[in-house]
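I opened this notebook to keep track of what I looked up, one entry at a time, for a reader who is new to the structure.

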Amino acid sequence: MHKLSTIKAVIHTVLGVMMSLNAFAQKIPVNYDESKMPSFTLPDPLVLPNGKPIKSKDVWEKAGRPAVLKLFAENVYGVNPFSGAVKIVSEVKTVNENALNGKAISKQITLRFPEISPTLTLDILLYLPKNVKQAPVFVSLNFTGNHTATHEKDVFVTEKWVNSGFDKTFVNNRATDASRGIAERRWPMEAIIARGYAVATAYYGDLEADHNEGWKTGLRSVLTPEQREKWSAIGVWAWSMSRMVDYLIKNESLIDGQKVIALGHSRIGKATLWAAAEDPRFAMVISNDSGEGGAALSRRWIGETVEHLNTQFPHWFCANYKKYNKAVAELPVDSHALLGLMAPRPLYVASATEDIWADPKGEFLGAVEAEKVYQLYKKTGLGTNTMPMPNSPVGKTIGYHIREGKHDILLYDWQQYMNFADKHFEIK
Ligand code: GCU
(Lines give C-alpha, C1' and ligand atoms only; values in the text may rest on other atoms or scores of the structure.)
Protein backbone atom coordinates (compact mmCIF):
# COMPACT_ATOMS: atom_id res chain seq x y z
CA MET A 1 0.00 0.00 0.00
CA HIS A 2 2.74 2.33 1.10
CA LYS A 3 4.81 1.48 -1.96
CA LEU A 4 1.86 2.02 -4.24
CA SER A 5 1.20 5.53 -2.93
CA THR A 6 4.91 6.38 -3.28
CA ILE A 7 4.86 5.21 -6.89
CA LYS A 8 1.68 7.22 -7.47
CA ALA A 9 3.27 10.33 -5.95
CA VAL A 10 6.35 9.93 -8.15
CA ILE A 11 4.21 9.50 -11.27
CA HIS A 12 2.21 12.55 -10.25
CA THR A 13 5.33 14.69 -9.81
CA VAL A 14 6.81 13.51 -13.09
CA LEU A 15 3.54 14.27 -14.88
CA GLY A 16 3.43 17.71 -13.28
CA VAL A 17 6.95 18.54 -14.40
CA MET A 18 6.18 17.23 -17.88
CA MET A 19 3.11 19.45 -18.07
CA SER A 20 5.02 22.59 -17.21
CA LEU A 21 7.78 21.73 -19.65
CA ASN A 22 5.25 20.93 -22.31
CA ALA A 23 5.32 24.31 -24.00
CA PHE A 24 9.07 24.18 -24.30
CA ALA A 25 9.26 20.50 -25.20
CA GLN A 26 6.86 21.14 -28.05
CA LYS A 27 9.13 23.93 -29.22
CA ILE A 28 6.38 26.36 -30.04
CA PRO A 29 8.26 29.05 -31.92
CA VAL A 30 8.74 32.44 -30.26
CA ASN A 31 9.20 35.55 -32.38
CA TYR A 32 10.42 38.99 -31.37
CA ASP A 33 11.08 40.35 -34.82
CA GLU A 34 8.39 42.75 -36.12
CA SER A 35 9.59 42.21 -39.70
CA LYS A 36 8.79 38.49 -39.45
CA MET A 37 5.27 39.10 -38.26
CA PRO A 38 2.64 38.33 -40.91
CA SER A 39 0.10 41.10 -41.52
CA PHE A 40 -3.32 40.70 -39.96
CA THR A 41 -6.77 42.23 -39.87
CA LEU A 42 -8.50 42.92 -36.58
CA PRO A 43 -12.16 41.99 -36.21
CA ASP A 44 -14.26 45.13 -35.88
CA PRO A 45 -16.14 45.29 -32.57
CA LEU A 46 -18.40 47.97 -34.03
CA VAL A 47 -20.15 45.62 -36.43
CA LEU A 48 -23.27 43.72 -35.35
CA PRO A 49 -23.56 39.96 -35.90
CA ASN A 50 -25.90 40.80 -38.84
CA GLY A 51 -23.15 42.85 -40.48
CA LYS A 52 -24.60 46.29 -39.73
CA PRO A 53 -22.19 48.93 -38.43
CA ILE A 54 -22.69 50.30 -34.92
CA LYS A 55 -22.84 54.09 -34.91
CA SER A 56 -24.34 54.97 -31.55
CA LYS A 57 -23.74 54.10 -27.95
CA ASP A 58 -27.35 52.94 -27.65
CA VAL A 59 -26.94 50.28 -30.32
CA TRP A 60 -23.57 49.35 -28.82
CA GLU A 61 -25.09 48.92 -25.37
CA LYS A 62 -28.21 47.09 -26.50
CA ALA A 63 -26.76 44.76 -29.11
CA GLY A 64 -23.06 45.25 -29.88
CA ARG A 65 -21.60 45.04 -26.42
CA PRO A 66 -23.61 41.96 -25.36
CA ALA A 67 -22.56 40.21 -28.59
CA VAL A 68 -18.85 40.95 -28.02
CA LEU A 69 -19.11 39.92 -24.36
CA LYS A 70 -20.67 36.63 -25.44
CA LEU A 71 -17.91 35.98 -27.97
CA PHE A 72 -15.31 36.45 -25.24
CA ALA A 73 -17.21 34.20 -22.84
CA GLU A 74 -17.70 31.42 -25.38
CA ASN A 75 -14.27 31.52 -26.97
CA VAL A 76 -11.81 32.92 -24.44
CA TYR A 77 -12.56 33.38 -20.72
CA GLY A 78 -15.48 30.99 -20.36
CA VAL A 79 -19.13 31.08 -19.46
CA ASN A 80 -19.89 31.90 -15.83
CA PRO A 81 -22.44 29.29 -14.70
CA PHE A 82 -23.58 31.28 -11.66
CA SER A 83 -26.02 33.80 -12.96
CA GLY A 84 -27.80 36.13 -10.56
CA ALA A 85 -26.93 37.10 -7.01
CA VAL A 86 -24.74 34.80 -4.97
CA LYS A 87 -25.47 34.31 -1.27
CA ILE A 88 -22.46 35.37 0.75
CA VAL A 89 -21.89 34.92 4.45
CA SER A 90 -19.15 37.19 5.71
CA GLU A 91 -17.20 37.06 8.92
CA VAL A 92 -14.95 39.90 10.04
CA LYS A 93 -12.10 38.07 11.71
CA THR A 94 -9.81 40.92 12.75
CA VAL A 95 -10.00 44.69 12.95
CA ASN A 96 -6.88 46.70 13.64
CA GLU A 97 -7.56 50.40 14.22
CA ASN A 98 -3.86 51.13 14.24
CA ALA A 99 -2.54 49.42 11.15
CA LEU A 100 0.37 50.79 9.10
CA ASN A 101 1.79 52.79 12.00
CA GLY A 102 -1.58 54.20 12.92
CA LYS A 103 -2.36 55.52 9.43
CA ALA A 104 -4.95 52.91 8.50
CA ILE A 105 -7.59 50.54 9.71
CA SER A 106 -7.03 46.97 8.59
CA LYS A 107 -9.62 44.22 8.51
CA GLN A 108 -9.59 40.57 7.58
CA ILE A 109 -12.88 39.23 6.33
CA THR A 110 -13.74 35.70 5.26
CA LEU A 111 -16.45 35.20 2.66
CA ARG A 112 -18.31 31.92 2.37
CA PHE A 113 -20.76 30.74 -0.27
CA PRO A 114 -23.03 28.27 1.55
CA GLU A 115 -25.39 27.69 -1.36
CA ILE A 116 -22.48 26.72 -3.59
CA SER A 117 -20.12 24.83 -1.30
CA PRO A 118 -19.73 24.40 2.47
CA THR A 119 -15.93 24.60 2.35
CA LEU A 120 -14.84 27.32 -0.07
CA THR A 121 -13.54 30.55 1.46
CA LEU A 122 -12.30 33.85 0.08
CA ASP A 123 -10.18 35.78 2.58
CA ILE A 124 -10.04 39.55 2.10
CA LEU A 125 -7.39 41.81 3.57
CA LEU A 126 -8.68 45.38 3.61
CA TYR A 127 -6.77 48.57 4.37
CA LEU A 128 -8.83 51.74 4.87
CA PRO A 129 -7.37 55.23 5.18
CA LYS A 130 -8.37 56.81 8.49
CA ASN A 131 -8.89 60.35 7.33
CA VAL A 132 -11.28 59.72 4.42
CA LYS A 133 -15.05 59.47 4.89
CA GLN A 134 -15.63 57.34 1.79
CA ALA A 135 -12.51 56.15 0.07
CA PRO A 136 -12.12 54.89 -3.49
CA VAL A 137 -10.86 51.31 -3.33
CA PHE A 138 -8.47 49.20 -5.38
CA VAL A 139 -9.76 45.64 -5.64
CA SER A 140 -6.82 43.47 -6.60
CA LEU A 141 -5.91 39.82 -6.16
CA ASN A 142 -2.42 38.81 -5.05
CA PHE A 143 -0.21 35.94 -6.26
CA THR A 144 1.17 34.60 -3.00
CA GLY A 145 -1.27 35.11 -0.11
CA ASN A 146 -2.42 38.18 1.82
CA HIS A 147 0.38 37.81 4.35
CA THR A 148 2.96 38.33 1.60
CA ALA A 149 1.60 41.80 0.77
CA THR A 150 2.67 43.19 4.14
CA HIS A 151 4.88 42.51 7.14
CA GLU A 152 2.04 43.27 9.52
CA LYS A 153 2.11 40.38 11.97
CA ASP A 154 -1.62 40.02 12.48
CA VAL A 155 -2.25 39.06 8.84
CA PHE A 156 -3.05 35.36 8.53
CA VAL A 157 -0.68 33.16 6.54
CA THR A 158 -2.72 31.54 3.77
CA GLU A 159 -3.36 27.84 4.26
CA LYS A 160 -4.27 27.29 0.63
CA TRP A 161 -2.15 25.62 -2.07
CA VAL A 162 0.60 27.91 -3.30
CA ASN A 163 3.04 27.48 -6.15
CA SER A 164 6.35 26.39 -4.58
CA GLY A 165 8.11 27.77 -7.64
CA PHE A 166 7.02 31.32 -6.75
CA ASP A 167 9.17 31.65 -3.63
CA LYS A 168 11.78 29.71 -1.67
CA THR A 169 9.81 30.22 1.55
CA PHE A 170 7.03 28.03 0.17
CA VAL A 171 7.44 24.41 1.24
CA ASN A 172 5.49 21.55 -0.35
CA ASN A 173 3.04 24.01 -1.86
CA ARG A 174 2.26 25.67 1.47
CA ALA A 175 3.16 29.18 2.59
CA THR A 176 5.19 29.59 5.78
CA ASP A 177 5.71 32.36 8.29
CA ALA A 178 8.96 33.18 6.48
CA SER A 179 6.95 34.33 3.48
CA ARG A 180 5.46 37.33 5.28
CA GLY A 181 6.05 40.46 3.25
CA ILE A 182 7.79 38.81 0.28
CA ALA A 183 5.53 40.70 -2.15
CA GLU A 184 5.62 44.03 -0.30
CA ARG A 185 7.26 45.81 -3.23
CA ARG A 186 4.06 45.15 -5.17
CA TRP A 187 1.82 46.53 -2.42
CA PRO A 188 3.05 49.97 -1.32
CA MET A 189 0.21 50.17 1.20
CA GLU A 190 1.42 53.22 3.12
CA ALA A 191 1.82 55.27 -0.05
CA ILE A 192 -1.64 54.23 -1.23
CA ILE A 193 -3.29 54.99 2.11
CA ALA A 194 -1.49 58.34 2.29
CA ARG A 195 -3.26 59.34 -0.92
CA GLY A 196 -6.65 58.46 0.48
CA TYR A 197 -7.23 55.16 -1.31
CA ALA A 198 -8.31 51.88 0.25
CA VAL A 199 -6.99 48.50 -0.87
CA ALA A 200 -8.83 45.19 -0.79
CA THR A 201 -6.79 42.14 -1.73
CA ALA A 202 -7.30 38.39 -1.63
CA TYR A 203 -5.19 35.44 -2.69
CA TYR A 204 -6.02 34.55 -6.30
CA GLY A 205 -5.80 30.84 -5.52
CA ASP A 206 -8.53 30.92 -2.87
CA LEU A 207 -11.25 29.68 -5.22
CA GLU A 208 -9.06 27.87 -7.73
CA ALA A 209 -5.45 26.88 -7.23
CA ASP A 210 -3.36 27.79 -10.25
CA HIS A 211 -2.51 24.40 -11.71
CA ASN A 212 -4.17 22.03 -14.09
CA GLU A 213 -5.97 20.13 -11.34
CA GLY A 214 -6.70 23.16 -9.20
CA TRP A 215 -10.39 22.99 -10.11
CA LYS A 216 -10.72 19.76 -8.10
CA THR A 217 -10.59 21.62 -4.80
CA GLY A 218 -12.03 24.90 -6.02
CA LEU A 219 -15.23 26.54 -7.18
CA ARG A 220 -15.35 24.55 -10.41
CA SER A 221 -15.49 21.25 -8.48
CA VAL A 222 -19.23 21.77 -7.92
CA LEU A 223 -19.97 22.01 -11.65
CA THR A 224 -20.83 19.40 -14.26
CA PRO A 225 -17.86 18.46 -16.49
CA GLU A 226 -19.47 20.42 -19.32
CA GLN A 227 -19.92 23.59 -17.24
CA ARG A 228 -16.39 23.24 -15.95
CA GLU A 229 -14.85 23.02 -19.41
CA LYS A 230 -16.89 25.93 -20.60
CA TRP A 231 -15.60 28.11 -17.75
CA SER A 232 -11.96 28.67 -16.74
CA ALA A 233 -9.57 29.40 -13.88
CA ILE A 234 -9.36 33.01 -15.06
CA GLY A 235 -13.17 33.10 -14.98
CA VAL A 236 -13.09 31.93 -11.37
CA TRP A 237 -10.49 34.53 -10.37
CA ALA A 238 -12.61 37.23 -12.03
CA TRP A 239 -15.65 35.90 -10.17
CA SER A 240 -13.82 36.24 -6.87
CA MET A 241 -13.13 39.92 -7.61
CA SER A 242 -16.85 40.49 -8.09
CA ARG A 243 -17.63 38.76 -4.80
CA MET A 244 -15.21 41.15 -3.11
CA VAL A 245 -17.22 44.01 -4.58
CA ASP A 246 -20.48 42.42 -3.35
CA TYR A 247 -19.07 42.45 0.16
CA LEU A 248 -17.44 45.87 0.06
CA ILE A 249 -20.36 47.87 -1.25
CA LYS A 250 -22.81 46.21 1.09
CA ASN A 251 -20.79 46.21 4.29
CA GLU A 252 -18.02 48.77 4.31
CA SER A 253 -19.37 52.28 4.90
CA LEU A 254 -15.89 53.81 4.66
CA ILE A 255 -15.75 52.83 1.01
CA ASP A 256 -17.23 54.72 -1.92
CA GLY A 257 -19.14 52.10 -3.91
CA GLN A 258 -19.07 54.35 -6.99
CA LYS A 259 -15.27 54.37 -6.99
CA VAL A 260 -14.27 50.74 -7.11
CA ILE A 261 -11.13 50.17 -9.19
CA ALA A 262 -10.24 46.76 -10.65
CA LEU A 263 -6.48 46.33 -10.77
CA GLY A 264 -4.36 43.32 -11.66
CA HIS A 265 -0.88 42.32 -12.72
CA SER A 266 -0.02 39.75 -15.38
CA ARG A 267 -2.25 36.63 -15.27
CA ILE A 268 -4.29 38.46 -12.65
CA GLY A 269 -4.37 41.40 -15.08
CA LYS A 270 -6.04 39.11 -17.60
CA ALA A 271 -8.57 38.07 -14.93
CA THR A 272 -9.07 41.72 -13.96
CA LEU A 273 -9.95 42.79 -17.48
CA TRP A 274 -12.45 39.97 -17.68
CA ALA A 275 -13.89 40.82 -14.24
CA ALA A 276 -14.47 44.41 -15.31
CA ALA A 277 -15.89 43.35 -18.67
CA GLU A 278 -18.49 41.22 -16.88
CA ASP A 279 -19.12 43.51 -13.92
CA PRO A 280 -20.05 47.18 -14.52
CA ARG A 281 -19.64 48.03 -10.83
CA PHE A 282 -15.92 48.37 -11.48
CA ALA A 283 -15.81 52.09 -12.23
CA MET A 284 -12.19 52.05 -13.39
CA VAL A 285 -9.96 49.31 -14.74
CA ILE A 286 -6.19 48.86 -14.65
CA SER A 287 -4.23 46.24 -16.54
CA ASN A 288 -0.61 45.95 -15.42
CA ASP A 289 1.56 43.88 -17.80
CA SER A 290 -1.36 41.58 -18.65
CA GLY A 291 0.15 40.54 -22.00
CA GLU A 292 -1.22 37.74 -24.15
CA GLY A 293 -4.79 36.85 -23.24
CA GLY A 294 -5.00 40.31 -21.66
CA ALA A 295 -4.34 43.72 -23.23
CA ALA A 296 -1.90 42.57 -25.94
CA LEU A 297 -3.25 41.94 -29.43
CA SER A 298 -3.24 38.17 -29.98
CA ARG A 299 -2.86 38.51 -33.73
CA ARG A 300 0.60 40.05 -33.31
CA TRP A 301 3.14 37.24 -33.46
CA ILE A 302 5.44 38.69 -30.82
CA GLY A 303 6.35 37.01 -27.52
CA GLU A 304 3.72 34.78 -25.99
CA THR A 305 1.00 33.36 -28.26
CA VAL A 306 -2.40 31.77 -27.71
CA GLU A 307 -0.72 28.41 -28.29
CA HIS A 308 1.91 29.06 -25.62
CA LEU A 309 -0.81 30.04 -23.17
CA ASN A 310 -2.97 27.00 -23.81
CA THR A 311 -0.02 24.64 -23.71
CA GLN A 312 1.62 25.89 -20.55
CA PHE A 313 -1.54 26.88 -18.69
CA PRO A 314 -4.34 24.70 -20.10
CA HIS A 315 -6.67 25.56 -17.21
CA TRP A 316 -6.54 29.35 -17.57
CA PHE A 317 -8.98 29.72 -20.46
CA CYS A 318 -12.07 27.84 -21.61
CA ALA A 319 -11.78 24.65 -23.67
CA ASN A 320 -12.87 26.45 -26.85
CA TYR A 321 -9.88 28.80 -26.73
CA LYS A 322 -7.63 25.87 -27.71
CA LYS A 323 -9.25 25.88 -31.14
CA TYR A 324 -7.27 29.01 -31.92
CA ASN A 325 -3.82 27.63 -31.03
CA LYS A 326 -2.84 27.46 -34.66
CA ALA A 327 -5.63 29.62 -36.04
CA VAL A 328 -5.45 32.95 -34.24
CA ALA A 329 -6.80 34.74 -37.31
CA GLU A 330 -10.09 32.91 -36.73
CA LEU A 331 -10.52 34.22 -33.21
CA PRO A 332 -13.70 36.33 -33.54
CA VAL A 333 -12.33 38.95 -31.12
CA ASP A 334 -9.01 40.45 -30.07
CA SER A 335 -7.74 42.47 -27.12
CA HIS A 336 -8.92 45.83 -28.49
CA ALA A 337 -12.50 44.54 -28.26
CA LEU A 338 -11.94 43.42 -24.67
CA LEU A 339 -10.58 46.87 -23.81
CA GLY A 340 -13.53 48.38 -25.66
CA LEU A 341 -15.86 46.56 -23.24
CA MET A 342 -14.57 48.89 -20.52
CA ALA A 343 -15.99 51.98 -22.26
CA PRO A 344 -16.90 54.57 -21.17
CA ARG A 345 -15.06 53.80 -17.92
CA PRO A 346 -11.53 55.10 -17.41
CA LEU A 347 -9.08 52.35 -18.38
CA TYR A 348 -5.32 52.22 -17.86
CA VAL A 349 -2.97 49.83 -19.62
CA ALA A 350 0.66 49.54 -18.53
CA SER A 351 3.71 47.72 -19.83
CA ALA A 352 7.36 47.37 -18.82
CA THR A 353 10.35 47.79 -21.15
CA GLU A 354 11.93 44.42 -20.31
CA ASP A 355 8.64 42.55 -20.40
CA ILE A 356 8.96 41.57 -24.04
CA TRP A 357 7.16 38.22 -23.50
CA ALA A 358 4.00 40.31 -22.86
CA ASP A 359 4.53 42.34 -26.07
CA PRO A 360 4.39 45.95 -24.80
CA LYS A 361 3.70 47.30 -28.26
CA GLY A 362 0.79 44.87 -28.62
CA GLU A 363 -0.59 46.11 -25.29
CA PHE A 364 -0.28 49.70 -26.46
CA LEU A 365 -1.94 48.97 -29.82
CA GLY A 366 -4.78 47.14 -28.08
CA ALA A 367 -5.43 50.37 -26.19
CA VAL A 368 -5.12 52.48 -29.36
CA GLU A 369 -7.67 50.32 -31.17
CA ALA A 370 -10.11 50.38 -28.25
CA GLU A 371 -10.53 54.10 -28.77
CA LYS A 372 -13.26 53.70 -31.38
CA VAL A 373 -15.62 52.28 -28.77
CA TYR A 374 -14.87 55.22 -26.48
CA GLN A 375 -15.67 57.58 -29.34
CA LEU A 376 -19.27 56.34 -29.30
CA TYR A 377 -19.42 58.07 -25.92
CA LYS A 378 -17.65 61.16 -27.28
CA LYS A 379 -14.62 60.29 -25.18
CA THR A 380 -11.03 60.46 -26.25
CA GLY A 381 -9.25 57.19 -25.47
CA LEU A 382 -5.47 57.43 -25.61
CA GLY A 383 -5.65 60.34 -28.02
CA THR A 384 -2.42 59.23 -29.69
CA ASN A 385 -1.10 56.30 -31.68
CA THR A 386 2.53 56.99 -30.97
CA MET A 387 4.00 54.82 -28.27
CA PRO A 388 5.46 57.04 -25.55
CA MET A 389 9.00 56.92 -24.18
CA PRO A 390 9.56 54.91 -20.98
CA ASN A 391 8.15 56.45 -17.81
CA SER A 392 6.09 59.01 -19.74
CA PRO A 393 2.38 58.37 -19.19
CA VAL A 394 -0.07 59.42 -21.92
CA GLY A 395 -3.79 59.37 -22.55
CA LYS A 396 -7.19 60.73 -21.66
CA THR A 397 -10.01 58.29 -20.78
CA ILE A 398 -7.55 55.51 -21.61
CA GLY A 399 -4.14 55.91 -19.98
CA TYR A 400 -0.90 54.14 -20.84
CA HIS A 401 2.69 53.99 -19.69
CA ILE A 402 5.65 51.76 -20.26
CA ARG A 403 7.77 51.64 -17.12
CA GLU A 404 11.48 51.07 -17.36
CA GLY A 405 12.34 47.62 -16.05
CA LYS A 406 10.98 44.18 -15.50
CA HIS A 407 7.63 42.39 -15.54
CA ASP A 408 6.31 43.55 -12.17
CA ILE A 409 4.06 46.06 -10.45
CA LEU A 410 5.93 48.67 -8.47
CA LEU A 411 5.41 51.97 -6.67
CA TYR A 412 5.92 53.86 -9.94
CA ASP A 413 2.98 52.00 -11.51
CA TRP A 414 0.74 52.61 -8.49
CA GLN A 415 1.60 56.30 -8.54
CA GLN A 416 0.45 56.61 -12.14
CA TYR A 417 -2.76 54.73 -11.33
CA MET A 418 -3.50 57.05 -8.42
CA ASN A 419 -2.78 60.12 -10.54
CA PHE A 420 -5.15 58.75 -13.16
CA ALA A 421 -7.82 57.94 -10.57
CA ASP A 422 -7.46 61.37 -8.92
CA LYS A 423 -8.07 62.96 -12.30
CA HIS A 424 -11.10 60.89 -13.26
CA PHE A 425 -12.67 60.76 -9.82
CA GLU A 426 -11.91 64.47 -9.42
CA ILE A 427 -10.02 63.97 -6.21
CA LYS A 428 -8.16 67.11 -5.23
C1 GCU B 1 3.77 33.68 -17.58
C2 GCU B 1 2.69 33.65 -18.64
C3 GCU B 1 2.04 35.03 -18.81
C4 GCU B 1 1.60 35.57 -17.47
C5 GCU B 1 2.75 35.55 -16.50
C6 GCU B 1 2.40 35.98 -15.08
O7 GCU B 1 4.86 34.41 -18.04
O8 GCU B 1 3.27 33.18 -19.82
O9 GCU B 1 0.94 34.94 -19.68
O10 GCU B 1 1.05 36.85 -17.61
O11 GCU B 1 3.26 34.22 -16.40
O12 GCU B 1 1.28 35.81 -14.65
O13 GCU B 1 3.31 36.44 -14.39
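The entries below go from the chain as a whole to its strands, a helix and the ligand.

**Ground rules.** I am working with a predicted model, in which local features need pLDDT of at least 70, side-chain atom pairs count only at pLDDT 80 or more, and totals for chains, interfaces and linings use all residues. I number residues from 1 along each chain as its sequence is written, and my side-chain values use heavy atoms, with hydrogens and water left out.

**Domains.** I looked up how the chain is divided and found domain 1 (2-27) and domain 2 (57-424), with bounds that come from an automatic or database domain assignment. The C-alpha centres of domain 1 and domain 2 lie 30 Å apart.

**Strand E4.** I then turned to strand E4, residues 135-142; strands here are DSSP runs of at least two residues (E) and helices are runs of at least four (H or I), numbered from the N terminus. How many of the residues of E4 are buried? I found 8 of its 8 buried, where buried means under 20% relative accessible area, exposed over 50%, and partly exposed in between, with a 1.4 Å probe and protein chains only. In a regular strand the side chains alternate between the two faces of the sheet. In E4, Ala 135, Val 137, Val 139 and Leu 141 lie on one side and Pro 136, Phe 138, Ser 140 and Asn 142 on the other, and both faces are covered.

**Partners of E4.** I checked the pairing next, which requires that DSSP finds at least two bridges between two strands. E4 pairs in the parallel sense with strand E5 (residues 198-203) over 6 bridges, and Ser 140 stands opposite Thr 201 in E5. From E4 the chain crosses through helix H4 (residues 189-194) to E5 in a right-handed β-α-β crossover, that is, with the strands pointing away from the viewer, the path from the first strand over the helix to the second runs clockwise. E4 also pairs in the parallel sense with strand E6 (residues 255-265), over 4 bridges, where Phe 138 stands opposite Ile 261 and Ala 135 has Ile 255 as its bridge partner.

**From E6 to E7.** I noted that 8 of the 11 residues of E6 are buried. E6 runs parallel to strand E7 (residues 284-288), joined by 5 bridges, and Ile 261 has Met 284 as its bridge partner in E7. Together with helix H7 (residues 267-278), E6 and E7 make a right-handed β-α-β unit.

**Thr 272.** I picked out this residue in helix H7, and I count Thr 272 as buried because its relative accessibility is 0%. Its side chain reaches the backbone oxygen of Ile 268 at 2.6 Å and the backbone nitrogen of Gly 264 at 3.5 Å.

**Ligand.** Which residues are around the ligand? I listed Phe 143, Ser 266, Arg 267, Lys 270, Glu 304, Leu 309, Phe 313, Trp 316, Trp 357 and His 407, a residue being near if one of its heavy atoms lies within 4 Å. An oxygen atom of the ligand lies 2.6 Å from a polar side-chain atom of Ser 266, and a ligand oxygen atom is 2.8 Å from a side-chain N or O atom of Lys 270.

Definitions and conventions:
A polar contact is a pair of N or O atoms within 3.5 Å; within protein, one must be able to donate a hydrogen and the other to accept it, and residues adjacent in sequence count only if both atoms are side-chain atoms.
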